[in-house]
Amino acid sequence: AVVSTQSTGDDQEFDTLIGHLQDVVLEDEFQDLQDTFLSKNCEEFEDEEENKLIYTEIYNQYIDSLEGYIGRRLEELQPGFTMSKLLNLIQKRKDEVDPELFEMLASLADFGLFKETMLNYKSEKDNEMGDFPGLVVTSLASGLRPT
């Protein structure tokens, strides 16, 4: 009976923390923070094996910014919260965490995933600019005037 009670307590703590974490990463303020950071820095990244020194600086800023925000918000929502407790719980039960949430968290701990996130964001940003960046469009009407 003691084991199941302990398990239930762990389950409840895990569910509560993950619920708060999902709420935090869905907040507009967090989304804006992440989006602004990625947009501001993605152009520095190139899809090459060799990593530039600036990648490390940007990665450290990313960790400080996003992990700091998540940590502050979770401390507000769950007194006694620590990031190490959260990471420990997630590591033990990663199969129970939403894959997108896990990937975002993993990008805080894995440079390769972070670089991939940056390159994907850069690619999406480039695609939003259309297939013809820098294309100048002139009015058809100007070509219809009699000469």
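Me: How are the axes of α2 and α3 placed, and at what angle do they cross?
Reply: Axes are lines fitted to C-alpha atoms, for helices over the stretch in contact, with angles from 0 to 180 degrees between N-to-C directions. In this predicted model, the axes of α2 and α3 come within 10 Å and cross at roughly 175 degrees. That makes α2 roughly antiparallel to α3 (under 35 degrees is roughly parallel, over 145 roughly antiparallel, 65 to 115 roughly perpendicular, and the rest oblique). Local features need pLDDT of at least 70 and side-chain atom pairs count only at pLDDT 80 or more, whereas totals for chains, interfaces and linings use all residues. Residues are numbered from 1 along each chain as its sequence is written, and side-chain values use heavy atoms, with hydrogens and water left out.

Me: Which residues of α2 and α3 meet?
Reply: A contact means heavy atoms within 4.5 Å. On the α2 side, the residues are Glu29, Phe30, Leu33, Gln34, Phe37, Leu38 and Asn41, and they meet Ile58, Gln61, Tyr62, Ser65, Leu66, Tyr69 and Ile70 in α3. By class, this contact of α2 with α3 has nine nonpolar, four polar and one charged residues (Ala, Val, Leu, Ile, Met, Phe, Trp, Tyr, Cys and Pro count as nonpolar, Asp, Glu, Lys and Arg as charged, and the others, Gly among them, as polar).

Me: How many helices and strands are there in the chain?
Reply: Helices (H or I, at least four residues) and strands (E, at least two) are DSSP runs, numbered from the N terminus. The chain has six helices and zero strands, giving the pattern α-α-α-α-α-α along the sequence. Among contacts between residues at least 6 apart in sequence, 79% join residues at least 24 apart.

Me: How is α3 oriented relative to α6?
Reply: The axes of helix α3 (residues 53-77) and helix α6 (residues 111-128) come within 11 Å and cross at roughly 95 degrees; α3 and α6 are therefore roughly perpendicular to each other. Here Tyr55, Ile58, Tyr59 and Tyr62 of α3 meet Phe111, Phe114, Lys115 and Met118 of α6. By class, the contact of α3 with α6 has seven nonpolar, no polar and one charged residues.

Me: Is tyrosine 59 buried or exposed?
Reply: Buried means under 20% relative accessible area, exposed over 50%, and partly exposed in between (1.4 Å probe, protein chains only). Tyrosine 59 lies in helix α3 and, at 11% relative accessibility, counts as buried. For the chain, buried residues make up 31% of the 147 residues.

Me: Which members of the largest nonpolar core touch the most other members?
Reply: In soluble globular proteins, nonpolar side chains tend to be buried together. A nonpolar core is a set of buried Ala, Val, Leu, Ile, Met, Phe, Trp, Tyr and Cys residues joined through side-chain atoms within 4.5 Å. Of the 34 residues in the largest one, Leu21, Ile70, Leu86, Leu101, Leu105, Phe114 and Met118 touch the most other members. The helices α1 (2-26), α2 (28-41), α3, α4 (83-92), α5 (99-106) and α6 each supply at least two residues of this core, and α3 gives the most, with nine residues. Beyond its neighbours within four places in sequence, isoleucine 70 is in contact with Leu21, Val24, Val25, Phe30, Met83, Met104, Leu105 and Leu108.
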